[in-house]
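Here's a quick briefing to read alongside the structure. Have the viewer open and follow along topic by topic.

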Amino acid sequence: VNSEKPLPNSTCVFCRKNDDCPNKYGEKKTNEKWNLTVHYYCLLMSSGIWQRGKEEEGVYGFLIEDIRKEVNRASKLKCCICKKNGASIGCVAPRCKRSYHFPCGLQKECIFQFTGNFASFCWNHRPVQIASNNYKESLPCTICLEFIQPIPSYNILRSPCCKNAWFHRDCLQVQAINAGVFFFRCTICNNSDIFQKEMLRMGIHIPEKDASWELEENAYQELLQHHERCDVRRCRCKEGRDYNAPDSKWEIKLCQCCGSSGTHLACSSLRSWEQNWECLECRGIIYNSGEFQKAKKHVLPNSNNVGITDCLLEESSPKLPRQSPGSQSKDLLRQGSKFRRNVSTLLIELGFQIKKKTKRLYINKANIWNSALDGFRNKSFNPSYAIEVAYVIENDNFGSEQPGSKQEFLSLLMQHLENSSLFEGSLSKNLSLNSQALKENLYYEAGKMLAISLVHGGPSPGFFSKTLFNCLVYGPENTQPILDDVSDFDVAQIIIRINTATTVADLKSVINECSNYLEFIGCLRLITTLSDKYMLVKDILVYHVIQRVQEPFKSFKQGLKTLGVLETIQAYPEAFCSILCHKPDSLSAKILSDLFTVHTLPDVKALGFWNSYLQAVEDGKSTTTMEDILIFATGCSSIPPAGFKPTPSIECLHMDFPVGNKCNNCLAIPITNTYKEFQENMDFAIRNTLRLDKEKNSHYIGH
């Protein structure tokens with residue numbers, strides 16, 4: 001008797017093919033217990049079966065009994081292409097009776113939509129794309145770069161967001177499988193929402209998984225290696241090139257551009273670690289590049305009436321490409337309709353992307369940055385998932401956690417970001433140049449955090465300089481920095497000395513003193529007239545504020561594209577300037593009174609005390625501020641641009657002191673006999689609660 005188990009049947013029960021081609025037919029899976037094999041796409045697209053089980057049950061959650069019933073149903077249907085039985089897929093177009101196998105449908109160029117009800121369309125009823133322009137010349141597929149005729153067809157698809165982006169269907173399908181739903185996006189503009197919807201409509205399967213390159217263990221391990229070696233031609237250190245002594249002249253500093261070459265401070269005559277240094281290779285690239293040899297010259301508006309000095313040192317404005325008067329007026333009319341859009345409405349519309357599925361972030365208030373970074377970098381994190389916050393305590397052996405307020409967390413995160421080393425400046429901030437942060441991709445993460453915060457109901461950042469904002473909206477090439485953008489005292493002094501020179505001799509003297517610096521940044525020029533100083537000042541500003549931080553800017557801008565935020569900012573700059581470049585208006589008694597709604601049956605006396613208390617705070621007759629009250633109740637010091645969710649509310653309870661529930665934005669106020677008692681209890685509770693919170697989070701500032 002042969003006791004060996006029979007070999008599993010490797011033929012798909014639906015299409016009767018042995019082919020194992022995941023890109024075309026999906027993963028091939030065999031249930032050995034029932035000796036049953038299916039292609040994933042054959043199973044998924046079959047018209048008479050639904051996923052009734054859990055993911056681990058049956059085959060991909062489709063129960064074995066259901067699969068057998070579907071096979072039995074399909075056995076009575078003849079494929080209109082190969083004329084064999086087993087056609088389990090039917091065209092969903094009304095009155096169309098065509099049925100076919102999945103591989104036969106592919107061969108006949110049917111379209112299968114891997115979304116919604118998983119509809120299938122035959123070759124006569126399939127969705128099509130319409131080209132808006134007639135292209136006379138061939139264009140490259142933006143994935144494989146092979147030239148194709150830009151006419152929409154089954155095998156040639158166009159991007160819905162970029163009119164000049166064309167793809168082979170096969171190239172798109174392979175990229176979608178490798179990238180997964182989180183990374184599959186337009187190769188030109190990086191849009192994911194509009195692009196994915198169109199590609200799903202046109203039959204591209206986008207698996208709900210992480211990108212293949214993210215799943216490879218230690219795939220980017222070499223990027224984590226930190227370079228520590230002096231690479232200059234003559235190393236003066238007696239201990240050798242690998243010797244590194246922090247806080248001394250033998251500390252190793254890395255090239256600010258590539259980060260892969262280093263020097264001892266003494267070996268390159270650097271007075272401090274803060275001084276910039278570039279390796280020979282990067283310096284050669286920078287100074288041999290036409291883009292860096294001379295800053296682009298922008299035509300200043302009304303140059304006959306406005307002094308160039310005033311433009312450079314007092315006011316910043318983007319320089320848009322020159323247009324005819326007619327086109328300018330049309331642009332203004334078109335932009336005017338955009339400007340009327342309210343920023344709150346825009347953010348609420350962006351918030352429609354947020355799914356019901358939630359992701360919990362475990363946040364340590366004492367280390368807000370690192371815990372947020374860990375959460376956002378987690379492979380399972382998706383910016384479009386709803387965010388839940390749980391506060392944890394570092395080194396807590398019991399692993400205790402307590403529910404946290406999402407909006408409070410985002411407020412703390414934005415406060416940290418504003419004061420971090422990624423930005424420089426006092427009130428209006430620009431990007432700094434931090435090679436370590438660049439290497440760790442922190443500028444991208446900062447942009448991503450800002451985007452997530454805005455869409456998920458976080459506060460107004462309010463710390464962007466107009467120059468940084470204009471670079472994001474109009475491009476660095478159309479933006480002219482001003483003196484206020486320079487936070488480096490030495491560079492600012494050089495600019496001021498050049499600008500205040502009154503004679504050519506004075507100007508040449510200043511330039512001679514600063515010649516090393518000017519040569520280093522590629523701005524050393526021949527001076528013939530006093531007016532040359534204005535172009536020199538302009539070039540120094542462009543280098544220091546824009547060109548010097550071009551890599552951080554690119555990375556930050558990429559992060560800001562998360563959830564389509566950057567594209568919306570660029571479409572409605574006036575609306576977003578109010579929240580990115582300006583702090584929110586001060587709160588008033590009326591604003592807070594209108595903000596908080598009364599949900600429970602109110603105590604008339606307590607509500608009267610509440611309104612009197614708000615007025616007393618506004619008049620300066622209390623030790624608390626309007627912002628203190630809002631922080632106590634919601635965790636936020638200002639009203640988020642997208643508003644509070646849930647709406648802040650008030651309860652009147654029989655108790656001695658007020659209680660703020662930041663998770664629900666609910667403020668419980670005490671019912672007291674006198675107003676004096678009400679105010680004293682409110683002041684005491686709010687003042688001491690905020691003080692204790694600050695003491696608990698004092699470690700946070702150090703991070």
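**Cores, a helix and an annotated cysteine**

The largest nonpolar core has 78 residues, and the ones touching the most other members are Phe376, Phe409, Leu422, Phe464, Ile540, Phe556 and Phe576. Keep in mind that this is a predicted model.

**Nonpolar cores**
- Zooming in on Phe409, and skipping neighbours within four places in sequence, you'll find contacts with Leu361, Ile363, Ile368, Ala372, Phe376, Val389 and Tyr391.
- There's also a second, separate core of 32 residues, with Val59, Tyr60, Phe62 and Phe114 among them.

**Helix α18**
- Within α18 (residues 489-499), the buried residues are Val491, Ala492, Ile494, Ile495, Ile498 and Asn499.
- Looking down the axis of α18, these buried residues fall within an arc of 160°, so they line one face of the helix.
- Phe489 and Asp490 sit on the other side of α18 and are exposed.
- Where α18 starts, Asp488 brings a side-chain oxygen to within 3.0 Å of the backbone nitrogen of Asp490.

**Cys663**
- An unreviewed UniProt entry puts an "active site" feature at Cys663.
- You'll find Cys663 in the loop between β20 (659-661) and β21 (666-670).
- Is Cys663 buried or partly exposed? Its relative accessible area is 33%, so Cys663 counts as partly exposed.
- Leaving out residues up to four places away in sequence, Cys663 touches Pro403, Gly404, Ser405 and Pro646.

Terms used. Residues are numbered from 1 along each chain as its sequence is written. This is a predicted model: local features need pLDDT of at least 70, side-chain atom pairs count only at pLDDT 80 or more; totals for chains, interfaces and linings use all residues. Side-chain values use heavy atoms; hydrogens and water are left out. Buried means under 20% relative accessible area, exposed over 50%, partly exposed in between (1.4 Å probe, protein chains only). Helices (H or I, at least four residues) and strands (E, at least two) are DSSP runs, numbered from the N terminus. The arc is that of the directions from the helix axis to the C-beta atoms. A polar contact is a pair of N or O atoms within 3.5 Å; within protein, one must be able to donate a hydrogen and the other to accept it, and residues adjacent in sequence count only if both atoms are side-chain atoms. A nonpolar core is a set of buried Ala, Val, Leu, Ile, Met, Phe, Trp, Tyr and Cys residues joined through side-chain atoms within 4.5 Å. Contact means heavy atoms within 4.5 Å. UniProt positions are given in the numbering used here, feature names are shortened, and annotations may be inferred rather than shown by experiment.
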